[in-house]
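Here are some friendly notes to read alongside the model. Please keep the viewer open as you go through the numbered points.

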Amino acid sequence: MDFVTQLLIAAITAGTPLLLATLGGILNERAGIIQLGAEGLMLMGAVSTCIVFIRTENLGLALLASVGVTALLGLVHAFLSVTLRANQTMSGLAMTLFGSGFSAYLGKSISGNPLPGILPRVHLDFLNPIPVIGPIFGNLDVLTWLSFALVIVLHLLIHRTSFGLHLRAVGDSPATADVMGVRVRLIRYGYVIVGAMLIGLAGADMVLTVAPTWNEGLTAGRGWIAVGLVIFARWNPVRALLCAYFFGALDSLGFRMQLLGSAIPPYFLKMIPYIVTILVLMYLGYRNRNKPSGTPESLGVPYVREQRF
């Protein structure tokens, strides 16, 4: 039971950055904009957090820097995808390449320096006597609780409000939404920027909890896992929570198996989350080959108001 409890705690720690990045990707793609820049955005959010936190020792400013920098990058992605109607796949890949390179350059001066603090934790002492639940939920950090709240808020927003109806309409049929008076460009700009901010916050969470110092390539492909989880979760925030913590458990399992003296080489154990991501996507593609995928129908398609179909 101790092993299971420790694995679940590690799964939440490793899965929270994936959850935040997946929620950001869901908002982007629900609005019809492909987001392949998650890896670069997470790196930029992480390095911004490290630089500001080390220089100022102010956690609030560090988190503000992470969402501010990634909001600016989200604005660039929205401008390229919505206004200039550039290829969204290429724009997202450009964000990843830019974020990977620029974060490595910015992080040279602080590489390996420990952060001056950690995220504050919410102590729920009344949960401590409860087996399993107490150790898991009695001492979580504030960003983890924020991610739980975001899942609920975004689920209600997408499926229970007029704002969510407009979002889904823009992602499925922007021409019809435009005819009904929905401001397609404004909605796409807004959700792309907010989604980028959540992905940047995922990078900040990772550097503050998973690896409390800056190292080049810190995310190690987790941004790409988040891209896959958007599809795995079928663009649903609640499913995103389950998927993120499932892959967080896989990510932590390799390290736990090493502690137990597993004979499997550690390099193979580190491959587990990435291999499972590929296998799950292959399975879902095969199983749902004759079913509606749930993909927003206008995903990746630029909207031209004057175009006639």
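1. A word on burial before anything else: a residue is called buried under 20% relative accessible area, exposed over 50%, and partly exposed in between, with a 1.4 Å probe and protein chains only as cover. This is a predicted model, in which local features need pLDDT of at least 70 and side-chain atom pairs count only at pLDDT 80 or more, while totals for chains, interfaces and linings use all residues. Residues are numbered from 1 along each chain as its sequence is written, and side-chain values use heavy atoms, with hydrogens and water left out.

2. The overall picture comes next. The chain has 13 helices and two strands, where helices (H or I, at least four residues) and strands (E, at least two) are DSSP runs numbered from the N terminus. Its radius of gyration is 20 Å, close to the 19 Å that the globule rule gives for 309 residues, so the chain is as compact as a globular protein of that length. That radius is taken over C-alpha atoms, and the rule is 2.2 Å times the number of residues to the power 0.38. Along the principal axes, the C-alpha atoms fill a box of roughly 65 × 45 × 40 Å.

3. Taking contacts (heavy atoms within 4.5 Å) with a separation of 6 or more, residues 24 or more positions apart account for 80% of them. The chain exposes about 14900 Å², of which carbon and sulfur atoms supply 68%; the areas come from the Shrake-Rupley method with a 1.4 Å probe.

4. Most residues other than glycine have a negative phi. Arg85, in the loop between α3 (59-83) and α4 (88-106), has a positive phi near 55 degrees. Trp235, in the loop between α10 (222-232) and α11 (237-259), has a positive phi near 60 degrees.

5. At its start, a side-chain oxygen of Asn87 comes to within 3.0 Å of the backbone nitrogen of Thr89. Buried residues of α4 include Gln88, Met95 and Ala104, and what covers the buried set includes α2 (38-56), α3 and α10.

6. How many salt bridges does the structure hold? There is one, counting a side-chain nitrogen of Lys or Arg within 4 Å of a carboxyl oxygen of Asp or Glu. Arg222 pairs with Asp251, with the closest N and O atoms 2.8 Å apart. The pair links distant parts of the chain, Arg222 in helix α10 and Asp251 in helix α11, 29 residues apart. Arg222 is buried, with a relative accessible area of 15%, while Asp251 is partly exposed at 24%.

7. Finally, please check Thr5 in helix α1 (residues 2-30). Thr5 is buried, with a relative accessible area of 8%. Leaving aside neighbours within four places in sequence, Thr5 is in contact with Val132, Pro135 and Ile136.

Methods
A polar contact is a pair of N or O atoms within 3.5 Å; within protein, one must be able to donate a hydrogen and the other to accept it, and residues adjacent in sequence count only if both atoms are side-chain atoms.
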